[in-house]
Amino acid sequence: MSLDLVGLSVDIAGRRIVSDIDITVPEGRFVGLLGPNGSGKSTILKAIYRVHRPVTGQVLLDGVDLLSMRPKDAARRIAVVAQESTVEFDFTVFEMVMIGRTPHKGAFDRDDDTDRAVVAEAIERVGCEDLTHRSFNTLSGGEKQRVLIARAIAQGADHLILDEPTNHLDIRYQLEVLELVAGFDMTVLAALHDLSLAALFCDSVCLLADGVIVTSGPPKAVITAEMVRHAYGADVLVIEHPESGTPHLIPRRTSREGLPLDRPTRPTPIQ
Amino acid sequence: MTLGIGIGSVSLSPRAVWQVIVDHLAGHPRNTVADAIVWQIRLPRVLLAAVVGAALTTAGAVVQVLVRNALADPFLLGISSGASVGATAVLLFGAFASLGIWAVSLGSVLGALAAMTAVFLVSRTRRQLAPTQLILVGVVLSALFESVTSFLIFRGNPQATQSVLFWLLGSFGNANWTQLPIPAIALAVAIGYQLAQGRPLNAFAMGAEPAASLGVDVHRLRRNLFIVTSLMAGVAVAVSGVIGFVGLVVPHIVRLMVGSDHRRVLPVGVVFGASFMVLGDLLARTIVAPQEMPIGVITAFIGAPTLIVLIRRRPYLYGATQ
């Protein structure tokens, strides 16, 4: 049950955004898509869930062309959680998660006991039982994101796409969301902003710059100071996480470049 | 509805009303005054009001989801102003005079279609319909059409101007059995189509991209629903003039009552919109009897305060809390 992108290129408004993308997400693995703003992470993901139509290349799900499947059939296999979004209409949490059942239903099908059971279970898995009847718009960012994950679970797909799911969340919710997703028995492809967090949770990562994949592999091989400078144009230190041994980024100040690094400096007040 | 038929310049009891209807359905109408009033005048009028009210409500609810904007209404795409141009041309200059009673309707349908096509063509970028662009183009072209209407009124004779004004504010006064079936059936079919889209509409309320990820064919749904709602608005305008406020406010009132799940909003909207319009028409006929008030005046007078009360009681409507 792998997800394969083969030679994928996408144009938007006549401009090539990503070209010749090859990514394989093996069954049950968590693959991270990394890269600076505007490098094409979202574009690749949106080509998978049919917002953009690729110019060349294929998206294969167990070897079957995903984009030639009916939209509903595709949505039963792949669910998406994007950045925390605002919804103009006032849905309850239960209704929000029930919307995840859309691809399983015909025009006049009513919600049956199976749907309600699936929805209740999904809400339970993200630990939002006590929010079930709350209005979605009154939730905090972290709670909203967990509800959207519950919606993806209720969709019943075995593949999950995450588009910067931890944006605008504080560190507790960032960890919570990724821990939750990594604990699922799902094949996951996630665009992530924070390289250290990505290294902590991903089985492998692809680093993207200017619409092409620069390198891919296990986090330890990809996330190096040299690669970060190459892709992001940023000067960082990469150390080993004391517990997990995964690469961890430490930002540096360029204005202090004259100072020797090993010299202890007075701690600067945090703004 | 029985009330709407019973009350008027001659009042009839609900029993008398149903007596007439049952007689007619049974195939042996009686030749009484009550029969003439109910069957010939009031029943077609109430039926038309009900179907137009229901149609404007569902069309309004759908358009608000499509453009994800609480201020949208079915006339968003320049439909009312386009129809006004057509109808004004007919009323003032006697275009299509050979068509008799159908002339104004045809004029406004043609005007509405022309406006709709113009808005679609101008706002089309590649093969997609961008909601924001659609709203802007709709607003701009509406202003243009309105000035054309004003120009026509300015050039026309004063007496005809009176009837144009009355038409612009909406009325069900012209309802009769010959004219009723075609628009009523068309609107009923369109309402039926919209009722079937409740689930995809809920997904669409999440935004176009989440809807795509939920297996909704976004481009097709958006295109079909825009065309259907525009045609509904065009037909409604053709038979009853421009009745503002219903398509904007009634969907909100319904959402405040039953929440945002469109599988509830649309059916409840059908019932509520129909009742709202029938009652509005009843008031329009009776308040300043024997004269008739334009129904557009009534709908705004009832709708606006109602909505304000509801909004103040439940302030989280449409992200107002953020």
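Predicted model: local features only at pLDDT ≥ 70, side-chain atom pairs only at ≥ 80, totals over all residues.
Trainee: Over which residues of chain B is the pLDDT below 50?
Mentor: Chain B as a whole averages a pLDDT of 80, with 86% of its residues scoring at least 70. One stretch still has 10 contacts in the model beyond near neighbours in sequence, yet its pLDDT is below 50: residues 318-322 of chain B.

Trainee: And what ipTM does the predictor give the complex?
Mentor: There are two scores for the complex. The pTM is 0.84, and the ipTM is 0.83.

Trainee: What share of chain B is buried?
Mentor: Chain B has 14 helices and 2 strands. Among its contacts between residues at least 6 apart in sequence, 74% join residues at least 24 apart. Of the 322 residues in chain B, the buried share is 50%.

Trainee: Which element gives the most to the side of chain B that touches chain A?
Mentor: The contact takes 29 residues from chain A and 27 residues from chain B. On the chain B side, α9 (198-205) and α10 (208-213) each supply at least two residues. That side divides into 13 nonpolar, 8 polar and 6 charged residues. With 5 residues, the element giving the most is α9(B).

Trainee: Moving to chain A, how do α5(A) and α6(A) lie against each other, parallel or antiparallel?
Mentor: The axes of α5 (residues 141-154) and α6 (residues 171-182) of chain A come within 10 Å and cross at roughly 10°. Angles under 35 degrees count as roughly parallel. So α5(A) and α6(A) are roughly parallel.

Trainee: Which residues of α6(A) meet α5(A)?
Mentor: The contact divides into 5 nonpolar, 3 polar and 1 charged residues. From α5(A) come A:Gly141, A:Gly142, A:Gln145 and A:Ile149; facing them in α6(A) are A:Tyr173, A:Glu176, A:Val177, A:Leu180 and A:Val181.

Trainee: Which strands sit at the edges of the chain A sheet?
Mentor: The sheet is open, with 6 strands in the order β6-β7-β8-β3-β9-β10 and mixed pairing. Neighbouring strands are turned by 15° against each other on average, direction ignored. An edge strand pairs on one side only, and here those are β6 (78-81) and β10 (212-217) of chain A.

Trainee: What is the bridge partner of A:Leu160 in β8(A)?
Mentor: Strands β7 (residues 159-163) and β8 (residues 187-191) of chain A run parallel and are joined by 5 bridges. The partner of A:Leu160 in β8(A) is A:Val188.

Trainee: Which residue takes a positive phi in the hairpin of β9(A) and β10(A)?
Mentor: These two strands run antiparallel, joined by 5 bridges. A:Leu207, for instance, has A:Thr215 as its bridge partner in β10(A). The hairpin has 2 residues between the strands, and the residue with a positive phi, near 50°, is A:Asp210.

Note on methods: Residues numbered from 1 in each chain as written. Chains lettered and ligands numbered in written order. Contact = placed C-beta atoms within 7 Å. Helix = DSSP H or I, 4+ residues; strand = E, 2+ residues; numbered from the N terminus. Nonpolar A, V, L, I, M, F, W, Y, C, P; charged D, E, K, R; others polar. Axes fitted to C-alpha atoms, helices over the stretch in contact; angles between N-to-C directions. Parallel < 35°, antiparallel > 145°, perpendicular 65-115°, else oblique. Pairing = 2+ DSSP bridges. Buried ≥ 20, exposed ≤ 12 C-beta atoms within 10 Å, placed from the backbone. pLDDT = per-residue confidence, 0-100.
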